[in-house]
Structures are given as C-alpha cells and as structure tokens.
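Reader: I'm new to this structure and I'd like to go through it with you. Could you show it to me, and then let me ask how you know things?

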Amino acid sequence: MNAVNTAHAPGFTPRKLYFVLAIAEACTWTLLITGLILRATTGIDQTLFTTIGGLHGFVFIAYGATSILIAFNQRWGFWMGLLAVITAILPYATIPFELVQAKRGALEGPWRREATDDPRDARPLDRLFRWFLNHPILLILVIVLAIVAVFTTLLIIGPPGGR
C-alpha cells in the first residue's frame with residue numbers, strides 16, 4: 001500500500017481519527033487521576049467522581065473500538081491491534097503509541113473503501129468491512145451500539161476494585 005499524506009486530507013482519515021481518540025483517552029486519564037487524588041485528599045463528591053470514571057470508561061471503550069477499526073483498516077495484524085487496545089490500560093500510553101505508529105507510516109492512507117489487487121480484499125470479512133465503510137452512518141451506529149452494550153455490561157458488573 002502506498003503511503004498517502006493525510007496531514008491536510010478532509011474528513012476523519014484513519015490517522016486523524018486515531019489521533020483524536022488517543023488524545024481524548026489520555027485527557028480522561030488526567031481527569032480520573034485528578035479525581036482519585038481529590039477523593040483521597042479532599043473527599044470529592046462521589047457523584048462527581050463516578051461521572052469522571054464513567055466518562056473515562058466510555059472513552060476507554062471508544063478508543064478500544066477505534067483501535068480495532070484502525071488496525072483492521074491499516075492491516076496491522078492481530079498482535080499490533082491487541083497492543084493498540086492494551087495501551088489504553090496504561091495511563092498516557094495511547095499518545096506515544098499513536099506517535100510511533102504515525103512515524104512508522106502505519107496510520108497513513110485513506111479508508112479502504114474500494115477493493116484493490118491485494119488478495120486479502122477478496123476475503124469475506126474485508127468485503128463486509130468495505131461495505132460498512134461505504135455506509136458510514138450505519139458503521140457509526142453499529143460501533144456506538146457496541147460501545148453502549150459493553151459500557152452497560154461493565155456498569156452492571158460494577159467498577160474495577162468493587163464498590
């Protein structure tokens with residue numbers, strides 16, 4: 001795949017989308033850590049802390065979903081995709097991961113909306129992926145519903161470490 005400069009490309013290229021989610025995930029880590037410190041030192045209102053935790057959890061899951069989407073589009077392979085998701089577990093690890101991937105050129109190029117000569121484009125999963133990319137509203141809806149389902153399940157299970 002030829003690298004395409006997407007620095008000034010319109011819309012959310014894979015690189016731009018991944019950058020936005022990596023930064024958002026790191027920002028919510030800052031909110032969460034600040035909330036933990038305030039809860040320990042000033043007795044922050046539990047409702048505010050729960051809201052911060054929920055926001056971080058939602059962005060965490062959205063980053064994970066975006067990592068999977070980008071990994072598939074960029075053909076990173078299973079292990080690199082898994083590493084991308086794992087970076088969200090470590091505070092601020094999403095930013096250096098995104099920077100390294102951008103430097104490697106692993107985020108360059110457009111969305112794979114059209115089949116190419118690559119034999120992988122003939123696989124059923126790749127055809128389905130392209131179909132969803134060509135129906136972005138439906139793709140966003142499916143991703144949002146998946147995020148909401150995971151988020152709701154995790155809320156039912158309860159916060160990490162118990163209540």
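Author: Let's start with Arg 75, which sits in the loop between H2 and helix H3 (78-86). Bear in mind that this is a predicted model.

Reader: What is the phi of Arg 75?

Author: Arg 75 has a positive phi, about 55°, even though it is not a glycine. Most residues other than glycine have a negative phi. Tyr 92 also has a positive phi, about 70°, and it is not a glycine either.

Reader: Where does Tyr 92 lie, and what makes it count as buried, partly exposed or exposed?

Author: Tyr 92 lies in the loop between H3 and helix H4 (94-104). Its relative accessibility is 35%. Buried means under 20% and exposed means over 50%, so Tyr 92 counts as partly exposed.

Reader: How do you know whether Ala 93 is buried or exposed?

Author: The place of Ala 93 is in the loop between H3 and H4. Its relative accessibility is 16%, and the limit for buried is under 20%, so Ala 93 counts as buried.

Reader: Which side chain does Asp 126 make a polar contact with?

Author: That's Arg 75 again: the side chains of Asp 126 and Arg 75 make a polar contact at 3.3 Å. The cut-off is within 3.5 Å, so 3.3 Å qualifies. Asp 126 itself lies in helix H5 (residues 124-133).

Reader: Why is Asp 126 called buried?

Author: Its relative accessibility is 1%, and buried means under 20%, so Asp 126 counts as buried. Leaving aside residues up to four places away in sequence, Asp 126 touches Phe 72, Arg 75, Arg 112, Arg 120 and Asp 121.

Reader: How many aromatic pairs are there?

Author: Rings pair if their centres lie within 6.5 Å, and by this rule there are eight aromatic pairs.

Reader: Why is the pair of Tyr 18 and Tyr 63 called tilted?

Author: A pair of aromatic rings is described by the distance of the centres and the angle of the planes. For Tyr 18 and Tyr 63, the centres are 5.4 Å apart and the planes are at 35°. Planes under 30 degrees apart would be stacked and over 60 edge-to-face, so this pair is tilted.

Reader: What makes the pair of Tyr 18 and Tyr 63 tie together parts that are apart in sequence?

Author: Tyr 18 lies in helix H1 (residues 14-41) and Tyr 63 in helix H2 (residues 46-74), so the pair ties together parts 45 residues apart in sequence. Both Tyr 18 and Tyr 63 are buried. Ring pairs also link Tyr 18, Tyr 63, Trp 76 and Phe 97 into a cluster.

Reader: How do you know that a charge sits over the ring of Phe 49?

Author: The charged end of Arg 39 is 4.2 Å from the centre of the Phe 49 ring. The distance limit is within 6 Å, and the charge must also be within 35 degrees of the ring normal. Arg 39 counts as sitting over the ring of Phe 49.

Reader: What lines the second largest pocket?

Author: Its lining has 15 residues, of which Leu 17, Leu 69, Leu 139, Ile 140 and Ile 143 lie nearest its centre. H6 gives the most to this lining, with six residues. The volume of the second largest pocket is about 450 Å³.

Reader: And how many helices and strands does the protein have?

Author: The protein has six helices and zero strands. Of its 163 residues, 36% count as buried.

Terms used:
Residues numbered from 1 in each chain as written. Predicted model: local features only at pLDDT ≥ 70, side-chain atom pairs only at ≥ 80, totals over all residues. Heavy atoms only, no water. Phe/Tyr/Trp six-rings, centres within 6.5 Å; stacked < 30°, edge-to-face > 60°. Helix = DSSP H or I, 4+ residues; strand = E, 2+ residues; numbered from the N terminus. Buried < 20%, exposed > 50% of the residue type's maximum accessible area, 1.4 Å probe, protein only. Polar contact = N/O pair within 3.5 Å; in protein donor to acceptor, adjacent residues only side chain to side chain. Contact = heavy atoms within 4.5 Å. 1 Å grid on protein atoms, 1.4 Å probe; cavity = no way out; pocket = protein on both sides within 12 Å on 5 of 7 lines; lining within 4 Å. Points joined across faces, edges and corners; volume = space filled by probe spheres on them.
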